[in-house]
Amino acid sequence: MKKNICIVGIGYIGLPTAAMFSSYGHKVIGVDINENVVNVLNKGKITITEPGLEEFVKKVVSSGNLSASIVPKESDVFIICVPTPINKDKTANIELVISATKSIVPVLKKGNIVVLESTSPVGTTEEVIKPILENSGLNIGKDVLLGYSPERVIPGNIIYELKHNDRVVGGINEKSANEIKELYKTIVDGNIYTTNCKTAELCKLMENTYRDVNIALANELAMICEDLGINVWDVIKYCNKHPRVNIHNPGPGVGGHCLAVDPWFIVEKEPKLAKIIGLSRETNDFMPNFIFSKIEKLLKDIKYDKKITILGATYKANIDDMRESPIIKLVNILEDNGYKVEIYYTFIKDNNLVNEDLLDSCKDSDLIILGVDHDEFKDLPWDEIKKVVRGNIVLDTRNFFNENKIKSSGFIYKLLGKM
Ligand code: SAJ
């Protein structure tokens, strides 16, 4: 059953999903309001960085199964994959979901399936999407099937996880859930579970919340350990030898478009009940401030203008995504307090924020901070770096470096979670 599929929003999730469906013989149109994204895709190229994606897209575009358009076209299936950012007041911004849904109404016809994939507050599919689709005059649930099936893929390994992860499908009725399951079965090897929309919506939010809360616990433990003079990484290592304990890794904060955002969608709906969830968000958001206080202590004796070099800027390792990056928050705090900051990283192309010359970015630095544990930082020329810096301290916020190697180049090695 090959379908004509229209995927609205061809970013980090929509594009790999479009490529995957088209690689299995479906005819896919990727729709995006960004003209550049559309033009680039029609040439078989992409504007984001994700391992394996460029070659994958090139193949399916040249096969004729994937093309891009500014507006949705008549199809059998519509999948909405647009971002749901967060407003300043920590409420969900579903404007793009609303406009994407409105854009498919003129081309909607009997027999269509509509799926929302965007992470959304509980109730969005039934209370927001359904009424908009009803403007087509069609009976939603009978003429048009509707459901919610969240993406679960991890940036950096999207193509593999898209195919192999289990999936949850929530339908506005059983028929919707079952037909959407059949659709995803054509690309997914994992199990697909059907339920109702609200359950599927909360599952998505809760998966990321689970991880955020556990990272907050690790970050809180790191701060406690610094106060008690204990090495948090030893505590975690030995605790995790217990068969039912899995403490996550502390770090400079939690970034990305998912963990740093989604828990707030639950807090927004249930502010009185979602106490641990909100507190965890605040704990993780506080980490750049905690790192800043550590820096202040380390450099307290320096009276002249201080320069800091930060290795890495993205929200996590080996990707090009800077959304909600805690490193950017740290840079802002440092600059507000009069520090000169340089970021070294070569992964982000054409970005004037970063210096792509390692030794130049470290020149006259009083402190080098490991912000992101990118593979390319594993074997840095520490002897060379030592010759150009002004100070002699390296602060590792991820327990990433080889302490002995850094010390043997003449640096003092400091670690988050260890005094
Ligand atoms: N982090 C830590 N400590 C850890 C693990 C992560 O500080 O032990 C930090 C990372 O450095 C990063 C942030 O958390 O700043 C988020 O990174 P991540 O690798 O945990 O997750 P994301 O945001 O890249 O992807 C998550 C995934 N969700 C879960 O693992 C539950 C992914 O499966 C989702 O599809 C994705 O969110 C999404 O799109 O919602």
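A residue is called buried when its relative accessible area is under 20%. The legends below describe close-up views of a predicted model.

**View A. The aromatic pair of tyrosine 345 and phenylalanine 377.** Tyrosine 345 and phenylalanine 377 are both buried. The structure holds 7 aromatic pairs. In the pair shown here, the ring centres of tyrosine 345 and phenylalanine 377 are 6.0 Å apart and the planes meet at 65°, so the arrangement is edge-to-face. Tyrosine 345 belongs to the loop between β10 (340–344) and β11 (354–355), and phenylalanine 377 to the loop between β12 (367–370) and α14 (382–388); the pair therefore ties together parts that are 32 residues apart in sequence.

**View B. The aromatic pair of tryptophan 382 and phenylalanine 411.** These two rings are edge-to-face, at 5.5 Å centre to centre with 80° between the planes. Because tryptophan 382 lies in helix α14 and phenylalanine 411 in the loop between α15 (403–408) and β14 (412–415), the pair ties together parts that are 29 residues apart in sequence. Tryptophan 382 is buried, at a relative accessible area of 4%, and phenylalanine 411 is buried with a value of 4%. Ring pairs join Trp382, Phe400, Phe401 and Phe411 into a cluster.

**View C. Charged side chains over aromatic rings.** Lysine 378 lies over the face of phenylalanine 400, 4.0 Å from the ring centre. The charged end of arginine 167 sits over the ring of tyrosine 184, at 4.1 Å from its centre.

**View D. Helix α11 and its kink.** Helix α11 comprises 24 residues (275–298) and reaches 34 Å from its first C-alpha to its last, close to the 34 Å expected. At methionine 287, shortly before proline 288, α11 has a kink of about 35°.

How values were computed
Residues numbered from 1 in each chain as written. Predicted model: local features only at pLDDT ≥ 70, side-chain atom pairs only at ≥ 80, totals over all residues. Heavy atoms only, no water. Helix = DSSP H or I, 4+ residues; strand = E, 2+ residues; numbered from the N terminus. Expected span 1.5 Å × (residues − 1). Bend = angle between axes of the 7 residues up to and from the residue. Phe/Tyr/Trp six-rings, centres within 6.5 Å; stacked < 30°, edge-to-face > 60°. Buried < 20%, exposed > 50% of the residue type's maximum accessible area, 1.4 Å probe, protein only. Lys NZ or Arg CZ within 6 Å of the ring centre and 35° of its normal.
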